[in-house]
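Hello,

Here is the structure I promised to pass on to you. Have a look at it first, and then read on for my notes.

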Amino acid sequence: MKKSIIIPALSFCTIIASAQSPDALYRTHCASCHGARFQGGNAESLVDGHWQFGASQTDIEKNIRDGIEHLGMPAYAATLRDAEISALTRYLLESENTAIRQREKIPETLETLDYRIKVEIAAEGLEVPWDIAFLNENYALVTERPGRLRIIENGRLLPNAVNGTPTVLAEGQGGLLAVAFDPDYLQENNRWIYLANSHGLEPEEGKRAGAMTRIVRGRIVDNQWTDEQVVFEAPHETYRTTRHHYGTRIVFDREKNLYFSIGDRGTDPHAQDLSRPNGKIHRIRRDGSIPEDNPFYNQDSAMPSIFAYGVRNPQGLAIHPETDQLWEAEHGPMGGDEINLIRPAKNYGWPVITYGINYNGTSITDIVRKEGMEQPVWYWRPSTALCAIDFYSGDLFPRWKNKLLAGALKFEDVRLLDIEGDRVMHEEIILKGAGRVRDVACGPDGAIYIILNDPGTILRLTPES
Ligand code: HEC
């Protein structure tokens, strides 16, 4: 951790002698969303010189005190005293000035228990890259959250984004999110590409527009997005005016069913309500129809696409290459990031049971287990801001076969989890401090690809020969 963050904090300690230092307050209450070094994570950076809601001491104090509810910024009026809020604000402004954004350089090699690894930059200059999908060794697609779909061809990021991709609501955590190739993409007349995005409705007079995660598919012909079909769009009355907790990733099982997730959209109890799309894992066919063997298919008042429920904000989904099990990673509240093994009809407990507490320090519930609710396979305390997961299925790192890669935004790390059956046996951090990790993927060439945000970079990891 850089010294420059600690030093300004000490001067404030002497001013408000009995209170916690602003640095400690920041770490306790804010770092989980805004990042260990203010650089952002689940929320925007606080040191990029850009203040959407006002840059003055008074504006910032107000935003901390009252929160920005619709975007997921909690109010701290009940948790922090006015003096603490102003000290914290001065600390933020000072930290912004002390160029703390100079990040550690991306390492050229990594030492892990099994391998010495070479790190290369596969692509850079992307804006909030979010998800990567590979067709083969020569062709990959990358989403940029503000709403662009980019192509990497023969190892080179093409300068132009694909034209005509869906309009996205790029506010808060929303935008263009997941991308996936159809499992039969190479078969004649297929060529489908799936995209998940936050879809905004037309705002009614004087009201905020509702938004929800939506899945479309389309084709790319001459760099143009064409033939678009909506494969999942929730009933508009279920749309929410918040701008966070959209999920999601897109994965396919052996039967080629499509799974995606929607976060709770900031309304916790909805995760337990089967009539709502949010806080759920969904399973649909590729054309958007609903498999008859979905667990709630015949249950009145339940959405038939729901496969499992009680999840908070799952931004990681991966299918185990051998068992075909669906694994999920979700952002919990503070201290409750989870890895779950998703089974049909199961309830993963949010917000009734959780290992976490609210980000503003108040407690959510005292219970961590309950009859009829699933326990996570693994959880992190404190939260790492766990984002994406993928099983390693290549040949370049034979000792890592079927191990789970897990990337974290706030902790800026990639962990390798050794899984046996439905248990995690061992965890090793293989990369740390190179940037916020938005996606991890095993490429068709057996290399490990890591998407970093801020700045938007894609790393390629191979064993050093
Ligand atoms: C649960 C996550 C979360 C926590 C915890 C959190 N924030 Fe935020 N904060 C947000 C979100 C979301 C926004 C809206 C900006 C965005 O789109 O990310 C925001 C915005 C802000 C803004 C306005 C930024 C601007 O551009 O004008 C300030 C200032 C801020 N937060 C300070 C804090 C401080 C100080 C703390 C700790 C006391 C804190 N936040 C804790 C999620 C969080």
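Predicted model: local features only at pLDDT ≥ 70, side-chain atom pairs only at ≥ 80, totals over all residues.

Histidine 245 sits in the loop between E10 and E11, and its phi is positive, about 55°, although it is not a glycine.

You will find proline 382 in the loop between strand E18 (378-380) and strand E19 (386-391).

Valine 128 is another non-glycine residue with a positive phi, about 40°. Its loop runs between strand E2 (116-126) and strand E3 (129-136). With a relative accessibility of 22%, valine 128 counts as partly exposed.

Now to the ligand. Which residues come nearest to it? Of the 24 residues around the ligand, they are Cys30, Cys33, His34, Gln52 and Met73. Helix H2 (22-34), helix H3 (57-66) and helix H4 (82-97) are the elements that each give two or more residues to this shell, and H2 has the largest share, with five residues. By type, the shell consists of 16 nonpolar residues, seven polar ones and one charged one.

The iron atom of the ligand is coordinated by His34 through NE2 and by Met73 through SD, at 2.0 to 2.1 Å. Why is the arrangement around the iron octahedral? Its six donor atoms subtend angles of 88 to 180°, and that makes it so. Histidine 34 belongs to helix H2 and methionine 73 to the loop between H3 and H4, so the two residues tie together parts that are 39 residues apart in sequence. Histidine 34 and methionine 73 are both buried.

Next, the cysteines. How many disulfides does a search of the whole structure find? It finds zero. For cysteine 387, the closest cysteine sulfur is that of cysteine 33, and at 13 Å it is too far away for a bond. Cysteine 442 is in no disulfide either, as its nearest cysteine sulfur, in cysteine 387, is 18 Å away. Cysteine 387 is buried at 0% relative accessibility, and cysteine 442 is buried with a relative accessible area of 13%.

Arginine 37, in the loop between H2 and H3, is buried with a relative accessible area of 9%. Its side chain makes a polar contact of 2.5 Å with the side chain of glutamate 412. Arginine 276, in the loop between strand E12 (258-262) and strand E13 (280-284), is partly exposed, with a relative accessible area of 21%. Tryptophan 192 lies in the loop between strand E7 (176-181) and strand E8 (193-200) and is buried, with a relative accessible area of 8%.

Enjoy exploring it!

Best wishes

Note on methods. Residues numbered from 1 in each chain as written. Heavy atoms only, no water. Disulfide = S-S within 2.5 Å. Buried < 20%, exposed > 50% of the residue type's maximum accessible area, 1.4 Å probe, protein only. Near = heavy atom within 4 Å. Helix = DSSP H or I, 4+ residues; strand = E, 2+ residues; numbered from the N terminus. Nonpolar A, V, L, I, M, F, W, Y, C, P; charged D, E, K, R; others polar. Donors = N, O, S within 2.8 Å, 3.2 Å for Na, K, Ca; no water. Tetrahedral: all angles 85-135°; square planar, octahedral: opposite > 155°, others 65-115°. Polar contact = N/O pair within 3.5 Å; in protein donor to acceptor, adjacent residues only side chain to side chain.
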